Number of protein chains: 2
Amino acid sequence: MPKISQKGIDMPASPIRKLTPYADQAKKSGKKIYHLNIGQPDIETPEIMLNALKNIDFKVWAYTPSEGTASYRNKLTEYYNKINYNIQPTDIIVTNGGSEAITIAMQACLNPGEEVIIPEPFYANYNGFACSSDVVVKPIISYIDNGFALPSIAEFEKVITDKTRAIAICNPNNPTGYLYSREEMEALKELCLKYDLFLFSDEAYREFCYDGKEFISPMHLEGLENHVVVFDTVSKRYSACGARIGCLITKNKELYQTALKFAQARLSPSLEGQIAGEAAVDTPDSYFQAVSQEYTARRDTLVKGLNAIEGVFCPNPGGAFYVVAQLPIDNADKFCQWMLESFDYENETVMMAPATGFYSTPGAGTNEVRLAYVLNQDDLNKALTCLQKALEIYPGRTI
Amino acid sequence: MPKISQKGIDMPASPIRKLTPYADQAKKSGKKIYHLNIGQPDIETPEIMLNALKNIDFKVWAYTPSEGTASYRNKLTEYYNKINYNIQPTDIIVTNGGSEAITIAMQACLNPGEEVIIPEPFYANYNGFACSSDVVVKPIISYIDNGFALPSIAEFEKVITDKTRAIAICNPNNPTGYLYSREEMEALKELCLKYDLFLFSDEAYREFCYDGKEFISPMHLEGLENHVVVFDTVSKRYSACGARIGCLITKNKELYQTALKFAQARLSPSLEGQIAGEAAVDTPDSYFQAVSQEYTARRDTLVKGLNAIEGVFCPNPGGAFYVVAQLPIDNADKFCQWMLESFDYENETVMMAPATGFYSTPGAGTNEVRLAYVLNQDDLNKALTCLQKALEIYPGRTI
């Protein structure tokens with residue numbers, strides 16, 4: 001039997017999805033599960049977007065240009081220029097979800113063995129994209145005590161080597177929900193200019209900023225035009241995760257042309273996804289206002305509820321729809337599995353993502369979990385009750 | 001300015017799409033172009049598939065499982081078992097087009113620097129997938145004189161080293177249209193067993209076999225279960241290139257679990273694409289009969305027309321919808337560009353793909369082009385007239 005590759009062995013399983021078999025088993029046994037493990041919102045997709053899909057009128061379901069249709073890129077440009085990105089349609093490559101944009105950027109910017117610095121905890125699949133591209137992730141730790149703020153520039157400089165090619169951030173952050181401040185972004189700018197590094201900015205959660213806080217993209221920072229690569233997606237903004245439409249944006253022309261070659265190899269993103277994505281840009285502001293109100297209320301419920309449980313600590317994040325909470329437990333992987341396999345409260349339980357999968361440093365985050373507040377408040381409250389009851393009897397509890 | 005990667009520099013531009021700027025310019029100047037350069041059929045997508053898309057009734061456009069929905073994989077299994085693949089739904093991973101299936105298999109089976117043997121000319125984007133995976137393509141040449149039949153097993157053995165991990169074929173072949181015989185497939189089986197190699201079988205054109213010839217998949221060969229990886233797509237079968245739905249099939253459980261980790265990193269294929277793909281499996285046989293008749297007639301027109309032009313040689317292929325033809329020219333890249341930039345016949349011209357892009361050996365295929373017979377016969381005849389007139393006056397003609 002031929003051997004699989006070492007890369008295949010090294011490839012990490014998704015920490016968000018790896019507990020799925022236990023969840024399936026729990027469901028089979030009749031348990032109700034509150035899914036706080038995955039960033040799949042329950043919010044309805046804008047009607048304008050679904051209607052565009054229902055009203056497609058092509059007869060031949062054809063390829064589009066590899067960089068996406070001119071029509072969609074024009075419309076996206078409108079959207080981005082309303083938030084002052086000052087870009088052209090020729091700065092955009094439409095991708096199969098934000099995931100593909102990240103993979104393309106890693107491959108176009110980094111050779112095998114070269115390094116990207118990422119504050120951890122970070123979106124777990126960055127490990128997968130790096131592994132598949134033979135790129136090395138150099139994590140620098142951010143701390144729950146200050147809400148996972150950007151580590152100091154000195155911490156970045158400690159790990160910069162002659163192999164460092166890029167810094168990657170996710171803003172607002174998945175998994176922590178932290179929203180980087182203007183000062184933090186300015187500091188990153190100076191660092192990238194000083195060491196001539198690419199700055200990858202994953203902005204999947206751009207629309208989800210709370211408490212009137214300002215979202216700052218590196219696209220807003222002058223002088224960084226050749227360094228910035230933005231990753232975006234319709235997944236979260238329009239609750240359209242299953243459309244698999246994202247994009248890569250860069251004003252660096254050489255990088256754009258290089259990224260385009262990777263895009264050409266896989267031919268094109270989906271036609272119907274782009275049609276729907278184009279329609280989505282006209283989603284009325286009222287949709288986002290309602291969504292923002294709903295998420296703010298959910299966050300408040302979840303954060304308050306978590307901190308009310310003995311031994312639990314959860315910072316109050318400024319964006320996205322995740323929190324990372326510290327629990328009084330020995331091991332989050334064990335605990336999350338135990339919640340599915342061995343626990344129920346009134347025949348209900350909660351599925352969470354162990355935070356260990358969001359760290360690259362071995363041993364980090366062992367008593368932390370990520371919770372996505374993608375359920376309504378009633379369900380969130382029931383999930384909180386489950387969690388509280390579980391922590392009272394979990395054999396590996398530390399208080 | 002930060003440097004792009006060497007991998008990015010090495011990444012090949014698509015030979016099928018790289019002449020697009022010249023085509024755009026020609027169109028702007030008012031020329032009509034017959035597009036024989038790209039495998040984008042003009043055949044209508046089955047109504048049953050488009051209706052499924054128009055009738056979607058979800059409210060939340062959600063992720064699906066990373067391996068695809070159970071419902072779609074069940075339906076696909078019906079399709080494959082009708083053609084005697086004898087598979088389970090758990091042998092299938094649904095992918096973003098066939099392209100992603102190939103990339104995942106390369107990464108799951110080959111480490112950087114390891115080798116895959118591919119008879120050339122081959123589908124140009126294999127070079128791109130290999131480059132992005134740091135995999136080395138070892139080409140062995142097939143010849144236009146015998147219609148691009150499988151090279152002898154001795155030729156394969158000449159290039160097998162301790163780094164060889166896989167053989168890849170495309171059957172029926174893109175770009176040559178060659179359909180591998182049962183004897184050729186049996187010979188490949190013995191070779192893969194002897195050297196314990198994976199056999200990658202790209203079957204995008206499975207439904208396009210002509211003259212009553214039999215299609216043989218390595219899935220039909222007993223004893224090769226742990227070696228075979230099939231790549232498939234809805235793109236050509238249902239003229240649905242823009243849906244970006246494909247799949248990877250393997251009965252090798254270890255490889256399946258490894259490939260799944262790569263699939264998990266990018267979360268899921270598109271939901272609506274899978275819904276439409278599931279509906280497409282019920283496309284009536286009459287659709288395929290009509291399509292097959294149409295392509296056979298087109299092939300006959302094109303092959304006959306090409307061989308009637310002085311100095312042109314084109315074998316008569318048994319499948320797919322491509323031919324590779326030898327032209328009396330100095331250089332196919334120059335010629336194809338000249339056709340767009342400097343030539344017209346009654347304000348019309350033809351866009352073709354230079355065959356050099358389908359070879360990995362430098363200098364091979366310099367007087368060959370690939371033509372896709374994706375236009376109706378009337379247009380094909382007009383394109384043939386253009387080509388004949390062009391070859392009479394092209395400055396680099398060799399007769």
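Predicted model: local features only at pLDDT ≥ 70, side-chain atom pairs only at ≥ 80, totals over all residues.
**Entry 1: the annotated region**

I began with the record: the unreviewed UniProt entry carries the annotation "domain: Aminotransferase class I/classII large", and it covers residues 33-384 of chain A. Over that stretch I found 36% helix and 16% strand, with the end C-alpha atoms lying 12 Å apart.

**Entry 2: two domains in chain A**

I then looked up the domain assignment, which gives domain 1 of chain A as 6-44 + 286-393 and domain 2 of chain A as 47-280. Taken over C-alpha atoms, the centres of these two domains of chain A are separated by 25 Å, and the contact draws 40 residues from domain 1 and 38 residues from domain 2. I noted a buried area of about 3000 Å² between domain 1 and domain 2 of chain A, with carbon and sulfur atoms giving 62% of it.

For charged pairs, I recorded 2 salt bridges between domain 1 and domain 2 of chain A. I also looked at the salt bridge that A:Arg299 forms with A:Asp211, where the closest N and O atoms are 2.9 Å apart. Between the two domains of chain A the rule also finds 15 residue pairs in polar contact.

Which elements supply the side of domain 1 that touches domain 2 of chain A? I listed α1 (6-10), α11 (285-307), β9 (322-326) and β12 (368-372) of chain A, each with at least two residues there, and α11(A) gives the most, with 7 residues. By residue type, that side of domain 1 of chain A divides into 23 nonpolar, 11 polar and 6 charged.

**Entry 3: chain B against chain A**

Turning to the two chains, I found 79 residues of chain B in contact with 79 residues of chain A, and about 6600 Å² buried between them, 57% of it on carbon and sulfur atoms. B:Arg17, B:Trp61 and B:Tyr63 together supply 13% of the area that chain B buries against chain A, which is more than any other three residues.

How many salt bridges does the rule find across the interface of chain B and chain A? I noted 0 salt bridges, whereas 40 residue pairs are in polar contact across this interface. Several helices of chain B each supply at least two residues of the side that touches chain A, among them α3 (47-54), α5 (97-109) and α10 (271-280), while the largest share, 7 residues, comes from α9(B).

Note on methods. Residues numbered from 1 in each chain as written. Chains lettered and ligands numbered in written order. Heavy atoms only, no water. UniProt positions renumbered as here; feature names shortened; annotations may be inferred. Helix = DSSP H or I, 4+ residues; strand = E, 2+ residues; numbered from the N terminus. Domains from an automatic or database assignment. Contact = heavy atoms within 4.5 Å. Buried area = accessible area lost by both parts, 1.4 Å probe. Salt bridge = Lys/Arg side-chain N within 4 Å of Asp/Glu carboxyl O. Polar contact = N/O pair within 3.5 Å; in protein donor to acceptor, adjacent residues only side chain to side chain. Nonpolar A, V, L, I, M, F, W, Y, C, P; charged D, E, K, R; others polar.
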